[in-house]
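Subject: Handing over the structure

Dear colleague,

I am passing the structure on to you here, and below it you will find my notes on what was found. Please read them with the structure open beside you.

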Amino acid sequence: MEQRNKVSICVLGMDQHETGALAAARMLRDAGMEVIYGGRFNLPNKIIDDALQDDVDMIGISCHSWEYREYIDELMDGLKAKEMDVPVVLAGSILSAEDRDELMGKGVAEVFGASATPEHMIETVDRLCRDGAA
Amino acid sequence: MTEQFTQAGIPLKPLYKPEDIADLDYDTQLADPGQYPFTRGNRLKTGKGAWIHRELSGEGDPSISNQQIKNLIAMGQTGMDVIGDSPTQGLMDADHPIAEKTAGTQGTSLCRQQDYNDLFNGLPIDSMSTSMSLPPSFGVAGLFTAAEDMGVDPAVLRGSVVNGPFYGEECSYAIHMPFKLRVRLGTDAIEFATKKMPKFHAFLEDTYFIADAGLNIVEEMALGFVEVRHLTRELLSRGLDIDDFAPRIAFLVDCRMDFFEAIAQIRATRRLYARMMKEEFNAKDPRSLAVNIASHTSGLSMTAQQPINNVVRGTVEAMALALSGVQAMEISTFDEAYRTPSKEAHEVGLRTQQILELETNVSAVNDPFGGSYFIESLTNEVETRIWDMVMELEAHGDNEKVADGGVFRNIITNAAGRYAQEMADGTLKKVGVNAFTVPEEEDKLLKEVTSTKIEPCTQQVEKIKEFRASRNMDQVKQSLKDLHGMASQEKPNLIYGICDGYRAGATMGEMAGVMRQAYGRPYDPYQMVTSPIGL
């Protein structure tokens with residue numbers, strides 16, 4: 001039997017908004033994926049350690065504050081330092097097309113803004129889980 | 001014919017007739033505004049000034065927020081309304097390692113007494129109401145000590161502070177304190193204000209912040225009533241008389257796009273509250289029965305797509321509120337999906353309120369929908385559904401166990417999931433999201449405003465670090481030990497200890513930490529900083 005995709009979903013720093021993360025977790029679970037829900041109040045180190053321990057195929061971060069801008073380099077560098085090639089995806093209505101370009105320039109695998117449809121997100125997550133960050 | 005429903009799932013008929021309200025009795029179910037059961041309004045409004053016009057503000061350090069409030073007053077705001085940044089809401093100082101990167105970006109940072117002085121400096125706190133979306137204990141103590149410093153008699157302070165110890169922990173602003181301590185701090189704030197700031201509403205039941213996860217009006221108000229009832233019983237058990245504090249209870253409710261349902265929500269809430277206070281809690285003072293309701297229009301109803309459309313949404317929601325006879329309103333601004341309000345968005349929000357009040361005559365007549373076959377029928381249905389859910393929730397037993405057992409969190413997360421599902425499958429129509437969408441590259445109007453980002457306020461972070469190093473530490477430590485001692489006992493009102501701590505130079509983060517320690521929790525939930533008093 002084919003192995004299920006395993007995805008971590010979490011929120012960074014003191015971003016208190018959880019509705020998006022919960023909706024994302026539910027959407028991916030409903031699509032048959034295994035979701036490790038990391039909840040709120042995570043710093044990059046914690047996200048990396050958890051991803052390593054849980055051996056996830058993708059790290060998904062729900063963003064409804066601008067803290068991702070402050071933490072993204074630390075997260076990407078930390079993953080590199082541990083030689084982890086797990087793809088990182090950011091999602092949230094606050095993320096614009098310009099933010100997407102900037103983040104993908106930093107090695108983020110995909111960015112979903114307000115207009116991303118569930119079908120598109122599920123399909124992309126599925127592809128990323130299979131292909132890895134490369 | 002397709003059956004229609006309200007957003008809360010109440011079936012709608014194409015036409016309502018006299019038989020839909022055949023049993024309605026004017027005197028017992030409606031009555032004039034200002035008369036029990038207050039369905040039509042808690043008092044008869046005459047003339048101008050139908051509601052307080054305010055916009056939620058807060059950005060950067062307190063002096064930046066101070067200027068923001070001054071700008072809003074210059075634009076005609078008639079009440080002040082401030083929100084703390086996410087560390088402040090979570091009882092973290094700006095220089096905490098987890099807070100540094102977000103200080104001042106989603107509200108203002110208030111870590112110490114001087115911050116409150118800077119926030120209120122030169123503002124008319126003696127003559128204009130101050131509404132605070134802040135942790136109630138620290139907000140009350142901060143306003144109280146700032147008023148003392150400014151030479152303002154705390155007895156004249158008007159306004160409110162949100163107080164929601166049940167639901168914040170898991171569904172909104174987590175403060176990492178056990179249920180008992182959260183309830184104690186909320187109750188202490190109310191009791192303190194009742195004695196020291198008698199015109200101030202320290203018991204503002206904020207159902208907005210839970211509602212905007214995707215709850216419907218029935219869930220929102222039922223959870224709100226459960227919390228109000230719990231805190232009311234707590235205050236009574238302390239020996240207070242119901243009429244000592246009930247006049248200072250108020251609601252801050254959400255206002256969604258379902259227009260008539262929003263009006264029914266507010267009318268039903270007034271009636272339910274009056275009946276509960278009179279029949280169950282034996283309140284005698286008419287002011288204890290007539291609840292003040294303020295509203296913040298739904299941020300969730302605002303879209304990231306075509307943000308200009310949010311101006312229309314804000315207007316429709318504000319119209320429903322004006323027709324409901326609320327005491328104050330705040331409009332979620334057009335840039336809500338992206339950021340805390342820009343100056344431009346604040347102005348549009350305020351102008352919307354001004355246009356409604358001055359140009360439409362909408363507030364000339366009290367409760368204009370009173371007697372409507374449809375609205376009265378809907379108000380009855382909403383009232384029944386809210387009360388049924390309150391009873392169902394209370395049947396679970398002890399609220400602490402219910403909260404810790406995740407019952408409330410499940411209601412909220414299920415509602416969030418349902419909302420996401422309804423948006424995805426189009427059950428809930430949203431122009432620009434699941435109807436009449438436009439390609440992202442064509443969606444440019446107002447993008448400059450919505451995409452401007454607020455940088456973390458490093459200035460505040462540095463200021464707090466310097467302040468920490470400059471203090472008389474003996475004095476700080478003594479105040480923290482005293483507060484820890486008070487928190488370790490059951491009775492003392494902790495707000496007095498927090499006021500003393502502020503005066504001695506202790507920060508909010510330190511005081512929250514030692515109170516956590518008194519309740520057997522770690523000083524710092526993130527285990528990054530240590531307690532100045534050890535333990």
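In chain B, 27 residues of domain 1 are in contact with 19 residues of domain 2, where contact means that the C-beta atoms of two residues, placed from the backbone, lie within 7 Å. On the domain 1 side of chain B, the residues that touch domain 2 divide into 16 nonpolar, 6 polar and 5 charged; here Ala, Val, Leu, Ile, Met, Phe, Trp, Tyr, Cys and Pro count as nonpolar, Asp, Glu, Lys and Arg as charged, and the others, Gly among them, as polar. H5 and helix H7 (179-196) of chain B each supply at least two residues of that side. The domain assignment of chain B gives domain 1 as 4-42 + 52-425 and domain 2 as 471-535, and these bounds come from an automatic or database domain assignment. The centres of the two domains of chain B, taken over C-alpha atoms, are separated by 29 Å.

Please bear in mind that this is a predicted model, in which local features need pLDDT of at least 70 and side-chain atom pairs count only at pLDDT 80 or more, while totals for chains, interfaces and linings use all residues. Residues are numbered from 1 along each chain as its sequence is written, and chains are lettered from A and ligands numbered from 1 in the order in which they are written.

Chain B has 22 helices and 10 strands, which are DSSP runs numbered from the N terminus (helices H or I, at least four residues; strands E, at least two). In chain B, 8 strands form an open sheet with parallel pairing, in the order E3-E10-E9-E8-E7-E6-E5-E4, and two strands pair if DSSP finds at least two bridges between them. The edge strands of chain B, each pairing on one side only, are E3 (52-53) and E4 (80-83). Within chain B, E6 (residues 159-162) and E7 (residues 200-206) pair in the parallel sense over 3 bridges, and Ser160(B) has His201(B) in E7(B) as its bridge partner. Helix H5 (residues 136-150) of chain B packs on the sheet, touching strand E5 (130-133), E6 and E7 of chain B.

Finally, the contact between the chains takes 22 residues from chain A and 28 residues from chain B. The largest share of the chain A side, 4 residues, comes from H1(A), and that side divides into 10 nonpolar, 7 polar and 5 charged residues.

With best wishes

Definitions and conventions: Axes fitted to C-alpha atoms, helices over the stretch in contact; angles between N-to-C directions.
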